[in-house]
Amino acid sequence: MPTELLPYTCTLSERYIKMAIEELHEDPETRLDKCRELLAKLEEAHPEITPNPDPKFLLRFLRCKKFDVGRAAEMLAQHYIIRYEEPEIFNGTNLKSLKAIHESNIIGLLPKPAKNGSMVMISQSSAMDLEKHKPLDFVRYMAILAEGNAVIEDYQVGGGMSIANYDKYTMRHFTTFMPHMGVFSKIMEKATPSRFKGTVIVNPIAPSIITAVLAVIEKLFSKKFSSRIKVATSNDFSELYEFIDKDNLPPEFGGTLDDDIYERARKYIEECAEFVESQRKFGVCGGKYTIVDNM
């Protein structure tokens with residue numbers, strides 16, 4: 001028996017409905033038929049995978065792949081397979097076990113989207129305490145964010161971008177996290193349905209470190225992904241204003257925003273963690289897999 005879809009009500013706002021139709025080839029009249037096609041294709045290729053039949057979940061993959069059902073099915077399979085193959089990252093991971101990272105200000109979330117409609121997150125290297133934060137725990141934390149991220153339909157369509165503050169990023173940070181970059185790249189690019197719009201690195205105080213970071217990204221990620229990593233060349237954050245309004249940026253990035261973006265991010269990640277917990281009943285029932293590189 002084919003898996004039946006759960007009931008669905010579209011929550012896209014008018015701006016993102018227009019974007020979905022124009023950029024992603026989404027047809028409101030046939031989107032649920034595409035979800036059924038996606039489930040059928042997954043179940044034919046991977047009968048051992050029990051998928052989430054919620055259209056809001058399935059549409060993340062379809063929108064990420066511009067409604068190419070075949071490519072969306074490949075990513076959906078990898079989404080579950082990598083969770084099976086990397087139990088150290090995914091099994092039993094929750095915010096209670098990641099309290100030290102969650103209570104830090106590593107991740108910030110801006111209250112409004114960028115000018116292009118993307119969700120904007122901020123990562124702060126200065127909040128990474130290598131004495132308190134285990135590098136694998138950071139990967140686990142980002143895995144929660146990646147899996148739960150974009151449960152808001154507007155951001156499934158609008159995508160996401162980030163500002164990476166490297167003001168206190170050291171070679172020790174780089175060498176500590178390097179062993180985990182391979183699996184992190186697989187999670188983010190092969191198994192996470194998101195429309196990555198880019199990252200801007202600001203405050204690059206050590207050019208040699210930035211060169212090393214970019215070299216690793218180019219080696220592990222696709223050319224398309226790597227090309228969307230930019231390094232700000234000015235110290236006045238003027239390059240950020242091209243895509244983010246000043247009133248949506250905090251003072252430390254040259255803006256006028258009066259908002260606790262780190263507490264905002266914590267609340268959002270807590271919502272992501274709730275979603276992750278709800279997904280534990282879905283996934284691979286058996287078998288051994290290898291993450292493919294042809295997506």
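What follows is a set of questions and answers on helix packing, salt bridges, backbone angles and surface charge.

Biologist: Before the details, what kind of model is this?

Modeller: Local features are described here where pLDDT is at least 70, and side-chain atom pairs count where pLDDT is 80 or more. Those limits apply because the model is predicted.

Biologist: How many of the 10 residues of H3 are buried?

Modeller: Helix H3 covers residues 55–64, and its buried residues include Pro55, Phe57, Arg60, Arg63 and Cys64. The buried residues of H3 pack against helices H1, H2, H4, H7, H8 and H13. H3 is largely enclosed by the rest of the structure, because the buried ones number 9 of the 10.

Biologist: Within that helix, is Leu59 buried or exposed?

Modeller: Leu59 has its place in helix H3, and, leaving aside residues up to four places away in sequence, Leu59 touches Tyr8, Arg31, Cys35, Phe67, Glu153 and Gln156. The relative accessibility of Leu59 is 0%, and the limit for the buried class is under 20%, so Leu59 counts as buried.

Biologist: How far apart in space are Leu59 and Ile21, C-alpha to C-alpha?

Modeller: Leu59 lies in helix H3, and helix H1, against which buried residues of H3 pack, spans 14–24. Leu59 and Ile21 are 38 residues apart in sequence, while their C-alpha to C-alpha distance in space is 13 Å.

Biologist: Which residue forms a salt bridge with Glu23?

Modeller: In this pair the closest N and O atoms are 3.4 Å apart, which is within the 4 Å limit for a salt bridge. Glu23 lies in helix H1 and its partner in the loop between helix H10 and strand S5, so the pair ties together parts that are 172 residues apart in sequence.

Biologist: By about how much of the helix are Asp33 and Arg36 separated?

Modeller: The side chains of Asp33 and Arg36 meet in a salt bridge, at 3.0 Å from N to O. Asp33 is partly exposed at 41% relative accessibility, and Arg36 is partly exposed at 45%. Because Asp33 and Arg36 are 3 residues apart in helix H2, their separation is about one helical turn.

Biologist: Near what value is phi of Phe67?

Modeller: Phe67 sits in the loop between H3 and H4 and is buried at 8% relative accessibility. Phi of Phe67 is positive, in a residue other than glycine, and is near 65 degrees.

Biologist: And near what value is phi of His25?

Modeller: His25 is placed in the loop between H1 and H2, and His25 counts as exposed at 55% relative accessibility. Its phi is also a positive value in a residue other than glycine, near 60 degrees.

Biologist: Which residues form a positive surface patch with Lys66?

Modeller: Lys66 is found in the loop between helix H3 and helix H4. Its relative accessible area is 42%, making Lys66 partly exposed, and patches take residues with over 30% and no salt bridge. The residues that form the patch with Lys66 are Arg71, Lys224 and Arg228.

Conventions. Residues numbered from 1 in each chain as written. Heavy atoms only, no water. Patch = residues over 30% accessible without salt bridge, like charges linked within 9 Å, V, L, I, M, F, W, Y side chains within 5 Å. Areas by Shrake-Rupley, 256 points an atom, 1.4 Å probe, with all protein chains shown as cover. Lys, Arg positive; Asp, Glu negative; His and termini not counted. Charge placed at Lys NZ, Arg CZ, Asp CG, Glu CD. Helix = DSSP H or I, 4+ residues; strand = E, 2+ residues; numbered from the N terminus. Buried < 20%, exposed > 50% of the residue type's maximum accessible area, 1.4 Å probe, protein only. Contact = heavy atoms within 4.5 Å.
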